[in-house]
Amino acid sequence: MIPKIRTGTDRSFPLIDYLFGPGKHEEHTDQHLVASWNNFAPDPGPNPEPHQVAKLANQLDQPVKALGQQAPAKRIWHCSVRTAPGDRLLDDAEWAAIARRIVHATGIAPEGDTAACRWVAVRHADDHIHIAATLVRQDGRLAGLSFDRRKAQAEARLIEKDYGLRQLTPGDGTAAKTPTSQERWKAERTGRTETPRETLREAVRQAVAGVATEQEFFDRLREAGLRVKLRHAPSGDVLGYNVALPGDRNADKEPVWFAGSTLAPDLSLPRIRRRLTDGPVDTTQPRLANTRGDRSAPARQRRDAAGIAERAAAVLDEGDDEAAAQLVGAGELLDALAQTSPAATRTELRDAARAFERATRSHVRAENADIRALRSAARGIVHAGGALGRGEDGGTTAMVLSTLVLLALAAARWHSARGHAQQAAASRQAADHLRAAYQQSAATPMRAMRERGQALPEPERRRHEAAIRVALGEPENHADTGRRHDALAATLAEAEKAGHDPKALLEEATSWRELDTARNTDDVLVWRIRRIANLTANPAQPDKTKARTTRTKPALGYAGTRAETPAPARSTTDPRHPAPRR
């Protein structure tokens with residue numbers, strides 16, 4: 001159940017006229033009162049005449065008019081109360097009881113207070129009612145409405161339990177402002193799939209991902225095609241900023257500006273400045289410089305980001321309050337991936353970033369946390385540009401997404417431990433989108449690895465499978481694994497050929513705590529080991545090393561031992577065939 005409160009400065013007539021009228025899209029039906037302050041207020045009925053609306057509106061306005069010039073500026077209180085999709089239909093008696101509980105909880109009309117504010121509850125649809133009230137009590141005093149929105153939400157959670165409705169997650173006041181009904185109607189009328197507020201929020205989030213300076217942030221906003229207006233102090237210092245979409249204008253043909261703070265609490269300029277101070281990015285590293293135009297840069301930056309995200313997940317699992325900052329950095333990393341991802345995964349990644357945005361804010365403050373690595377990883381991905389979605393790009397995209405799923409689940413556990421229901425739900429939703437994106441990006445490389453595993457000599461395959469079962473704690477007599485470890489066995493064989501100890505790699509890869517939350521343990525281990533061993537992320541590419549190694553005998557190559565001299569086919573300059581780890 002969703003209560004939404006607004007206040008106004010007008011008299012009651014316009015609001016009552018709208019509630020009993022046909023609606024802006026002829027959506028209102030069977031308009032009628034279900035409850036009122038005295039239980040016998042006049043009911044104008046469906047599509048009434050103006051004098052019928054005026055009769056009810058005048059009765060609501062009487063306490064306000066009695067104060068004359070002393071009446072408050074805000075005179076009208078309007079609360080819509082809507083059930084969630086899929087909830088059962090409530091009858092008029094139930095809606096009347098719900099309306100009385102809302103006005104009691106918010107202080108509009110406490111139960112038993114005969115001198116409280118005047119109010120009416122109007123129903124013109126199956127799934128919601130509107131409560132309209134005037135903000136002067138009948139004894140001439142002003143209504144006490146401290147924290148009325150928070151109180152309405154708390155009462156709605158109790159109503160959901162009492163009436164068997166879908167129970168929504170309680171908020172903590174840190175959520176971004178939702179679009180108004182007027183903004184949604186305008187978007188629908190102009191053919192937009194979402195409101196300008198939502199479009200701008202995503203664009204500003206993406207602009208701040210990995211940004212190094214305030215000026216770079218403003219430059220990115222302009223590069224994204226947004227209109228930008230800065231607010232200056234008399235001294236010339238920038239106090240804040242506003243953004244607008246080109247072509248989005250009001251009735252006076254002026255741009256519709258949104259301040260950063262109205263898009264989301266953490267997008268105000270002071271909060272962005274704090275982020276730049278607390279998590280400065282490293283712009284001096286060679287891997288972050290001159291990446292544009294480098295075709296191997298997107299894959300390299302995604303590989304680096306996977307390791308950084310893995311460490312952030314481990315920090316979150318420690319459960320310390322300082323881990324709150326990791327959520328901000330993880331949000332930037334997701335925004336960076338969303339704006340540079342290939343078409344196949346772009347929609348799911350954008351949805352994941354939008355969902356996780358809610359998980360980045362809570363009342364927990366990290367005073368000494370370091371998120372430079374996460375923000376620098378986001379910067380590297382943005383500067384590297386768009387990934388192709390195939391070849392090494394596709395493999396490293398799967399690598400980082402596999403890790404980000406675990407990071408999102410770690411965020412859900414961290415929030416749940418603190419009672420942050422909305423943030424925990426948002427983290428789990430982001431994990432679902434990330435899993436879908438992972439399945440799309442991992443299909444080709446994982447299929448290639450399974451085929452390689454199936455092609456391994458039987459003794460070698462069984463040896464690797466035995467090591468895998470020991471590492472995963474599977475029973476020794478579980479000999480028939482259904483070949484489900486083929487991809488992991490192929491990865492271990494490739495790592496062994498590169499000079500690594502397969503058992504040591506398995507021990508390291510399985511030691512990390514968040515592995516327990518993975519739905520497909522083999523997939524997680526495949527990407528961890530490929531990253532630890534510095535193996536190419538896309539084994540689906542033609543293996544050019546075989547043609548070269550057939551002409552040159554390997555130096556002291558032997559399964560389980562490290563070659564004294566690397567095979568000539570492995571080059572330290574070819575990113576597809578990195579040098580063995582020493």
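# Structural briefing: burial, helix packing and salt bridges

Of the protein's 582 residues, 51% count as buried, where buried means under 20% relative accessible area, exposed over 50% and partly exposed in between (1.4 Å probe, protein chains only). The model is a predicted one, in which local features need pLDDT of at least 70, side-chain atom pairs count only at pLDDT 80 or more, and totals for chains, interfaces and linings use all residues. Residues are numbered from 1 along each chain as its sequence is written, and side-chain values use heavy atoms, with hydrogens and water left out.

**Overall architecture**

- The protein contains 20 helices and eight strands; helices (H or I, at least four residues) and strands (E, at least two) are DSSP runs, numbered from the N terminus.
- Among the contacts with a separation of 6 or more, 71% are accounted for by residues 24 or more positions apart, a contact being heavy atoms within 4.5 Å.

- In helix H9 (residues 269-278), the buried residues are Leu269, Ile272, Arg275 and Leu276.
- Viewed down the axis of H9, these buried residues fall within an arc of 120°, so they line one face of the helix; the arc is that of the directions from the helix axis to the C-beta atoms.
- Pro270 and Thr277 are exposed on the other side of H9.
- The packing partners of the buried H9 residues are helix H6 (196-208), helix H7 (214-223), strand S7 (238-244), helix H11 (324-340) and helix H13 (372-384).
- Gly279 lies in the loop between H9 and helix H10 (297-318), and Gly279 is buried, with a relative accessible area of 0%.
- Leaving aside neighbours within four places in sequence, Gly279 is in contact with Ile371, Arg372 and Arg375.
- Gly279 and Ser376 are separated by 97 residues in sequence, and their C-alpha atoms are 8.7 Å apart in space.

**Helix–helix packing**

- Two packed helices are described by the angle between their axes and the distance between the axes. Here the axes are lines fitted to C-alpha atoms, for helices over the stretch in contact, and angles run from 0 to 180 degrees between N-to-C directions.
- H10 and H13 pack at an angle of about 160°, with their axes 9 Å apart. This angle makes H10 roughly antiparallel to H13; angles under 35 degrees count as roughly parallel, over 145 as roughly antiparallel, 65 to 115 as roughly perpendicular and the rest as oblique.
- H10 passes H13 in a left-handed crossing; a crossing is left-handed if the near helix is turned anticlockwise from the far one by less than a right angle, and right-handed if clockwise.
- At the H10–H13 contact, Ala297, Pro298, Gln301, Arg302, Ala305, Ile308, Ala309 and Ala312 of H10 meet Ala373, Leu374, Ala377, Gly380, Ile381 and Ala384 of H13.
- Helix H17 (residues 486-497) and helix H18 (residues 502-510) pack at an angle of about 125°, and their axes are 9 Å apart. The angle makes H17 oblique to H18.
- The crossing of H17 past H18 is right-handed, and Leu488, Leu492, Ala495 and Glu496 in H17 meet Pro502, Leu505 and Leu506 in H18.
- The axes of helix H16 (residues 458-472) and H18 come within 10 Å and cross at roughly 30°.
- H16 passes H18 in a right-handed crossing. His464, Ala467, Ile468, Ala471 and Leu472 of H16 make the contact with Pro502, Lys503, Leu506 and Thr510 of H18.

**Salt bridges**

- A search of the whole structure finds 37 salt bridges, a salt bridge being a side-chain nitrogen of Lys or Arg within 4 Å of a carboxyl oxygen of Asp or Glu.
- The side chains of Arg361 and Glu357 form a salt bridge with an N to O distance of 2.5 Å. Arg361 is buried, at 4% relative accessible area, and Glu357 is also counted as buried, at 10%.
- Arg141 and Asp139 meet in a salt bridge at 3.1 Å, N to O, and Asp139 is partly exposed at 37% relative accessibility.
- In the salt bridge between Asp432 and Arg435, the closest N and O atoms are 3.1 Å apart. Asp432 is partly exposed at 43% relative accessibility, whereas Arg435 is buried with a relative accessible area of 16%.
- Asp432 and Arg435 are three residues apart in helix H15 (residues 421-454), which means that about one helical turn separates them.
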